[in-house]
Amino acid sequence: MKGVFLDLNTVDRGDLDLEPLRRALPEWAFFDTTRPQETADRIHHAEVVVTNKVALDRNLLAEAPRLRLICAAATGTNNIDIGAAAQRGIPVCNARDYATDSVVQHVFALLLTLATRLDAYRADIRAGRWSESDQFCLLDHPIRTLAGMHLGIVGQGVLGQATGRLAEAFGMQVSFARSLRPDVPATDNRLELDDLLPEIDVLSLHLPLTESTRNLIDARRLARMPAGSLLINTARGGLVEPGALAESLRAGHLGGAGIDVLEPEPPPPDHPLLAPDIPNLVLTPHTAWAARGARQNVLDEVRANIEAFRAGHPRNVVAA
């Protein structure tokens, strides 16, 4: 079997072990990147295609007559036409739970940066204000402790639960919003998101982007959050309406936001959240998932998916 990895550079920058992949298939073609006009030619003779972000639509899949398996080097599969693959009997297998530790530590890196006003104090030091101070320390930016704060979490999957456990170790109160999925019965005591928002000090998002969750956190819901509260988003950029978030921060209603994901990515220079005048905003370039161990886990998940498929028992199959 021949495998093609279309965008290895999105996962590996020369620091990962590719041998497990090489052992999973006898023949590989690894491409650092693949432009849209190159995709059809590169997958034409492939039996296994691995993609992270390269799009595989119905027309492109028709250009791969030998294709037997598609592996997403990620959890999300929005870039793959799952329905078209299913019609041809081609399983699409994703990578799951590979970056839990990496993402959760990033959630708290963002949260602690905001709570301790770390960026503001570092800027003061660079500007010489500590050296000029008549006191031994600077106290110009109020610092908050996580202990006693109320964390609301949207999404009670692996990442949401892991975030909640670590929050409790910091002494935070943790509440989960009731599931937004219409097929999940409301049989527990979790609050609806709109009812939870006024009760919390921090909101952290851990759910997929779908048509029903797009712009989930908009101007109306930001206004329902208490003054001074914090927002953390390490999930998907489209969950938060960017213009509304920027205005809430400028107006001083939201106390801060830690954002690791934007839409689109990479963001254009005029993206609303790249404006230089937004206060108390910590942006990172979609790196919550990207610890070396987590990226190696992605390749290990791809290997396991290939080996399971070859053994006749596909795993992590994404339903059409």
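This note walks through selected features of the structure, point by point.

1. Basis. The model is predicted; local features need pLDDT of at least 70, side-chain atom pairs count only at pLDDT 80 or more, and totals for chains, interfaces and linings use all residues. Residues are numbered from 1 along each chain as its sequence is written, and side-chain values use heavy atoms, with hydrogens and water left out.

2. Strands are DSSP runs of E, at least two residues long; helices are runs of H or I, at least four; both are numbered from the N terminus. Two strands pair if DSSP finds at least two bridges between them. Strand 1 (residues 2–5) and strand 2 have 4 bridges, in the parallel sense. K2 has E27 of strand 2 as its bridge partner. Contact means heavy atoms within 4.5 Å.

3. Aromatic pairs. The whole structure holds 3 aromatic pairs. Rings of Phe, Tyr and Trp (its six-membered ring) pair if their centres lie within 6.5 Å; planes under 30 degrees apart count as stacked, over 60 as edge-to-face and the rest as tilted. F5 and F30 form a tilted pair, 6.5 Å centre to centre with 40° between the planes. F5 lies in strand 1 and F30 in strand 2, so the pair ties together parts 25 residues apart in sequence. F5 is buried, at 0% relative accessible area, while F30 is partly exposed, at 25%. Buried means under 20%, exposed over 50%, partly exposed in between (1.4 Å probe, protein chains only). Ring pairs link F5, W28 and F30 into a cluster.

4. A stacked pair. F108 and F170 are stacked, 5.3 Å centre to centre and 10° between the planes. F108 lies in helix 5 (residues 100–115) and F170 in the loop between helix 8 and strand 7 (173–176), so the pair ties together parts 62 residues apart in sequence. F108 is buried, at 3%; F170 is partly exposed, at 34%.

5. A167 sits in helix 8 (residues 158–169). It is buried, at 0%. Beyond neighbours within four places in sequence, A167 contacts F108, L151, M172 and V174. H150 is in strand 6 (residues 150–154) and counts as buried, at 9%. The side chain of H150 makes a polar contact with that of S175, at 2.7 Å. A polar contact is a pair of N or O atoms within 3.5 Å; within protein, one must be able to donate a hydrogen and the other to accept it, and residues adjacent in sequence count only if both atoms are side-chain atoms.

6. Helix 11. The buried residues of helix 11 (residues 242–251) include P242, L245 and L249. Their cover includes helix 10 (219–224) and strand 9 (230–233). Just after helix 11, G252 takes a positive phi of about 80°.
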